[in-house]
Amino acid sequence: MEYIIETENLTKQYGKKKALDNVSIHVAQGDIYGLIGRNGAGKTTLMKIICGLSRQSGGSYSIFGKRDGELGDIASRRGLLIESPGIFGEYDALTNLTLKCRLIGITDKEEPERLLKMIGLESAGKKKAKHFSLGMKQRLGIGIALAGNPDIVVLDEPINGLDPQGIIEIRDIIMRLNKENGTTFIISSHILDELSKIATKYGIINNGNLIEECLATDLNSRCESRIELVVDKAAAAVNVLEKLGFSDMKVVEDGKIHIFEQFDRTGDISLALAAEGITVFEIVRKLESVENYYLRLVGKESE
Amino acid sequence: MIRILKMEFRRLFKTGCFYAFPAVLAITVLTEWISTSSGEKLGEMDIVDVFGAVFEVVLLMTIAVSGVLSVFLWAQEYKKGYIKNIANTVSGRHIITVARLIVGAFIMIINTVFTFLTVLCIASIEHTGIVSKHPELVMDNVSQLLLMCLSGIAVIAFVLMLFEIFRSSALGYTMILMICFNFLEGILCNIVALINPNWEIGRHLLISQFNYINGIPVFDASGEITLQAPDPMWTFWLRTGIYLIVFLVAASIVSKKKDAV
């Protein structure tokens, strides 16, 4: 498979400390790649290297098949928001967006205005960016990152400081651009439940190491999400479940069955068991959050 | 490169500080005109003397102002985090360095032009007319003014190199002022003279070289100072050009090796 972004044993060392240690990620076109890790894990360092802000100590990366140092015009097809938004406080939002558009060669005056509307800052008017609230600055930073419809957008904690409505709006923007334009996103966030709503792939980093990289669908199955079923006749219930098409299940103790697939079929299960005269004492859907899975994984890594 | 230059120039023209120096010069001319409008004017002034007055101002003030403004613009990009947006869009960090120097050179050239025009205007206001009594010297003076402008650009390149190494705006401002007021080069000359009193490096430095442009002062047997024939003009141009290229290349190399943030 061809990847739009690929890193190969990427390493970054600051003195004796390794901020990244042989990290190899694979981001396909159209992915919304969620980077998960605790503070200081190496997420921002990885993002900085991919965006050309920092030089790696070892390894390499490629974007659209071009290695670092040979990117040429491809470099301008990246948008970023890393750590704080890079904005000039003495200018208003429109001027900041216009400067970014000029930087990437866009002279159309409608583009900054379109971006301003997209990020919901049309009402800011001539207000200087230094007087913006944190959320407004964050929105402006996102707008700058999205200028020129880049093919790759790297967002480091994009929803920091945003109100709930702002979070929804940014999520909708990301989903829309991903769906309509095929824009590839790399997003890091500490709010894993929010990230889990949009991410299609995850990279979990801990202490500079990539400890896991998987598709969102695979992560869901690894999250030990399950349907917990308590019945009076477990053996008969298993036969009924097999006829319904369930195969990934386990009888954990007398009368208690755990099912690890098709979590949306609790209704079918109840009806089928009742039809066979099997009493269902309890049927509960337990979905382990990405957060719990991450904590469990990092906890194991620490051991 | 063109895109970055467009952005940098747009930012420059939106920066209020850029207009401060020309505004001060314009006010100087205006106040001079008001104060002498009712007074008696002096006789005619030779254009060579106008250049002489310009040379002093260009060396001390224009390079200092241009250098400080350049450092300010670079420092703002790091302070505001905007360098992330810039560094992300280029495939080579040296492009940013070259663009910075081009903008710095533009500032230096514009300020030099304004300085010359200001002195010329004041001279015109104070005198009954500007004449050319020694036309054979006019081109020499124009050449010297252009050389000073180039030296100013080389000073900005030197400070750019230091800025890329240390990323310190305070150091940049200090160095600019120390160079323009001849402290830095003076210290260098003294250090070299301590090592060997016969080594005279002043004529090979960016700002001090202008002390030798009309002749090389030497002490004769009686202790009197006489002027020897100066080095050919092209040596000044070559020296200044080499300084400029060396500093720019060094700055580019450093910028490629260091992280942008």
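1. Read from one end of its sequence to the other, chain B runs α-α-β-α-α-α-β-α-α-α-β-β-α, which amounts to nine helices and four strands, where helices (H or I, at least four residues) and strands (E, at least two) are DSSP runs numbered from the N terminus.

2. This is a predicted model, in which local features need pLDDT of at least 70 and side-chain atom pairs count only at pLDDT 80 or more, while totals for chains, interfaces and linings use all residues. Residues are numbered from 1 along each chain as its sequence is written, and chains are lettered from A and ligands numbered from 1 in the order in which they are written.

3. The C-alpha trace of chain B spans about 60 × 55 × 30 Å along its principal axes, and 34% of its 261 residues are buried (20 or more other C-beta atoms within 10 Å of the residue's own, with C-beta atoms placed from the backbone). Of the contacts in chain B between residues at least 6 apart in sequence, 79% join residues at least 24 apart, a contact being two C-beta atoms, placed from the backbone, within 7 Å.

4. Chain A has ten helices and 15 strands, its C-alpha trace spans about 75 × 45 × 30 Å along the principal axes, and buried residues make up 39% of its 303 residues.

5. Where the chains meet, the contact takes 28 residues from chain A and 21 residues from chain B. On the chain A side, strand E7 (78-81) and helix H2 (93-103) each supply at least two residues, and the largest share, five residues, comes from H2(A).

How values were computed
Buried ≥ 20, exposed ≤ 12 C-beta atoms within 10 Å, placed from the backbone.
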